[in-house]
Amino acid sequence: MTELKVPSAGESITEVTIVEWLKKEGAWVALDETIAVIETDKANVEVNAPIAGVITQIIKGEGEEATVGEVIGHMEAKDQPAEGAAPPAAEATPAPKPAATAAPPAPPPAASSPAPNAAGPLPEGVRAPPSVRRLVREGKISPDQVRGPGLSGLTEGAVGARAVPTEAAVREEERVKMTRLRRTIATRLVEAQQTAAILTTFNEVDMGPVMALRKEYKEAFIERHGVKLGFMSFFVKAAIEALKDIPQINAAIEDDQIVYRNYYDIGVAVGGGRGLVVPIIRNAERLNFAQIEQTIGDFGSRAKDNKISPEELQGGTFTISNGGVYGSMMSTPILNPPQSGILGLHAIKERAMVVKGQVVVAPMMYLALSYDHRIVDGREAVTFLVRIKDVIENPTRMLLEV
């Protein structure tokens, strides 16, 4: 008998939640095949089969919590059954007892019980919620006991006869336990608000030059690198240039010290199957546009399948969040502690702008920088956004590093 244990899921993670068993008891699995998915505070982790064999017992069910190293099931080593082999014989089931020759007479209905209603469709033009329609189908109330058009619930006669409260029939609630990831996100957001002096400053940027550059080299970029040239790589590059100018925003507070980093691990917020996650582009300053786009694309596809590993979510010196993909016009992003800055991107909208005395239509985007005011002053925050604006509106500066 081989034990199935909760694997190590990263530094400081001790508890997990069983999200799903991909294989059930009695199923044969190959060596290293994924048999279950567990959720940690940061990401989902796969549990792989340590041997080839049959799952003989599942100890921890879906939704239950466990600790790292805890036994959640057992396996037994067995060869793979031959294709087309008959399944194991099922245990014999006792034959059903013969029906009685005569049933005892049913007791008469209680005097207080109402006569059953005839099931049938609702009268024409009458609208009712699904719960009321179900009562009608099951014959618990008759169609003529439902209120008139546009009203929900039952008539007074129906309520009195069947003791079915009107509001209870149409007002429903559902309670769902928060996932471990969502609980962690909630805790971290509250901690950020309580521990950091968060302030947000705004600016706007003309996306025309970047859009023209993408259009000009779109096909050539895909043909050479196998990936689309998106906006995010431009902003990652622009952020690095701005962070070099304003190192406080790339720094962090540890106890009574400020730790300045000369490397740039940029977190990029992506929507996952179980919530927003922020995987880290390590040493982003060493990557070119294509490498950044490939990394972000890989994060996005794996996040949808909950395949981001906990190690990929740890660390980070600065974060970029693109609410514009969801249509956000303006927002104030919250810091991801212990980071001191986060850049929020928003939807691109054509607006009338005055350029050199002329009114022109330009594709504009609002930028938002939330920062920790304990180590970043307003002057530095504004300068940072101005640097981002300058680089995005003159994208060739990124290539020349000027």
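Predicted model: local features only at pLDDT ≥ 70, side-chain atom pairs only at ≥ 80, totals over all residues.
Strand β2 covers residues 15-21, and strand β7 covers residues 65-67. The two run antiparallel and are joined by three bridges. To find one of the points of pairing, select W21, whose bridge partner in β4 is A36.

Is β2 largely enclosed or left open by the rest of the structure? Five of its seven residues are buried, so β2 is largely enclosed.

**Second stop: an open sheet of four strands**

Now select β1, β8, β6 and β3, which form an open sheet in that order, with antiparallel pairing. Strands of a sheet are held in pairs through backbone hydrogen bonds, and the pairing may be parallel or antiparallel. Which strands stand at the edges? They are β1 (2-5) and β3 (28-29); each has a single partner strand, so one side of each lacks a neighbour in the sheet.

Select V29 to see one of the contributing residues: its bridge partner in β6 is G53.

**Third stop: the whole protein**

The protein has nine helices and 19 strands. Of its 402 residues, 39% are buried. Among contacts between residues at least 6 apart in sequence, 60% join residues at least 24 apart.

In soluble globular proteins, nonpolar side chains tend to be buried together. The largest nonpolar core of this model contains 54 residues. Select F318, F384 and I388, the members that touch the most others in this core. Then select helix α6, residues 231-245, which gives the most to the core, with nine residues.

Return to I388 and display its surroundings. Apart from neighbours within four places in sequence, I388 is in contact with F235, A238, A239, A242, L343 and L367.

Show α6 together with helix α8, residues 378-393. Their axes come within 9 Å and cross at roughly 135°; the two helices are therefore oblique to each other. The crossing is right-handed.

Which residues meet where α6 and α8 come together? On the α6 side, select F234, F235, A238, A239, E241, A242, L243 and D245. On the α8 side, select F384, R387, I388, V391 and I392.

**Last stop: T319**

Finish at T319, which lies in strand β16, residues 318-322. Is T319 buried or exposed? T319 is buried, with a relative accessible area of 2%.

Display the residues around T319. Leaving out neighbours within four places in sequence, its contacts are G267, V278, N336, Q339, G341, I342 and L343. To close the tour, draw a line from T319 to L343: these residues are 24 apart in sequence, and their C-alpha atoms are 6.3 Å apart in space. L343 is also one of the residues in contact with I388.

Methods: Residues numbered from 1 in each chain as written. Heavy atoms only, no water. Core = buried A, V, L, I, M, F, W, Y, C linked by side-chain atoms within 4.5 Å. Buried < 20%, exposed > 50% of the residue type's maximum accessible area, 1.4 Å probe, protein only. Contact = heavy atoms within 4.5 Å. Pairing = 2+ DSSP bridges. Axes fitted to C-alpha atoms, helices over the stretch in contact; angles between N-to-C directions. Parallel < 35°, antiparallel > 145°, perpendicular 65-115°, else oblique. Left-handed = near helix turned anticlockwise from the far one by under 90°.
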